Amino acid sequence: MTAAIRPRVRPLAALAFGLLTLGGCATLGLEHPPTAEQPLPTIDSSSPKPKKSARGDGAALTDAQARAALLTEADLGAPWSATGGAATWRDGLLKATTSAGQCQRLLDALYSDELLGAPARAAVGLDDTDTDAQLRYQIGARLPKDVDAELSWLQTMPVQCAEFTADTETGLIEDVQVTDAPLPQVGDVRQGLRVTVATTTDDGQESVLTMDVAAVRVGEDAFALTNGGLGDVPNDATQAAVQMGALRLADVRRQGRAQV
């Protein structure tokens with residue numbers, strides 16, 4: 001399925017295109033699913049290895065580098081802006097319980113923003129003021145083997161939690177569906193999901209939350225994001241954020257090596 005790129009992501013897409021061209025890599029378009037001749041290189045094996053972090057979690061980036069690797073509203077372009085706070089649907093729909101095996105763990109990870117299995121080292125929230133979608137982006141703090149274990153678990157969700165029901169704290173019954181979602185071929189290991197949460201309120205109003213989920217390991221570091229909303233959820237922004245996230249994380253690593 002292809003779709004025209006919306007104007008709002010052109011600044012980010014243009015930068016990604018330029019970086020890929022300079023690096024001699026195949027251009028990764030924003031079509032869904034994206035295709036590329038080969039994964040985007042992330043760590044140059046011929047370059048000296050960076051100094052090991054003193055952090056006990058094994059992360060290669062310093063805290064300042066992790067913050068520098070975050071995306072901003074300038075990357076996504078208008079109408080994205082710095083978040084005004086957690087979306088109301090987070091408590092209303094994601095704070096729910098289910099008896100369906102590993103699906104509770106998935107709901108908990110979505111609600112707590114711990115898709116990589118632990119609190120983020122650095123995180124940012126961005127709001128789409130046109131559609132009320134919210135994108136939450138984080139740099140993880142886990143050993144590569146631990147990140148890979150979380151990604152392997154996420155890969156099982158479209159099978160283990162393809163369809164299940166959950167109950168909110170306010171007594172609503174939710175129908176939840178989880179499907180696999182292709183991501184740009186960036187980083188070393190990646191997994192994408194699309195999660196939909198449908199329910200009917202006490203006054204008969206139907207509500208559907210749609211969330212894009214992405215997690216990517218780039219060398220020794222990783223990032224994850226969710227892009228969700230009750231209306232239009234711009235998948236082009238998800239695809240662009242994944243591309244830019246991998247490029248920026250690799251660039252921050254290269255700058256770190258240059259300073260060694």
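A disulfide is a pair of cysteine sulfur atoms within 2.5 Å. By this rule the count comes to 1 disulfide. This is a predicted model: local features need pLDDT of at least 70, side-chain atom pairs count only at pLDDT 80 or more, and totals for chains, interfaces and linings use all residues. Residues are numbered from 1 along each chain as its sequence is written, and side-chain values use heavy atoms, with hydrogens and water left out.

**The disulfide**
- Cys103 and Cys161 form the link, with sulfur atoms 2.1 Å apart.
- The Cys103 and Cys161 link is left-handed, at -110 degrees about the S-S bond.
- Cys103 lies in helix 5 (residues 103-112) and Cys161 in the loop between helix 6 (144-160) and strand 5 (163-168), so the pair ties together parts 58 residues apart in sequence.
- Helices (H or I, at least four residues) and strands (E, at least two) are DSSP runs, numbered from the N terminus.
- Both Cys103 and Cys161 are buried (under 20% relative accessible area, 1.4 Å probe, protein chains only).

**Helix 5 against helix 6**
- The axes of helix 5 and helix 6 come within 10 Å and cross at roughly 120 degrees; axes are lines fitted to C-alpha atoms over the stretch in contact, and angles run from 0 to 180 degrees between N-to-C directions.
- Helix 5 contributes Cys103, Arg105 and Leu106 to the contact, and helix 6 contributes Glu150, Trp153, Leu154, Met157 and Gln160 (heavy atoms within 4.5 Å).

Methods. Buried means under 20% relative accessible area, exposed over 50%, partly exposed in between (1.4 Å probe, protein chains only).
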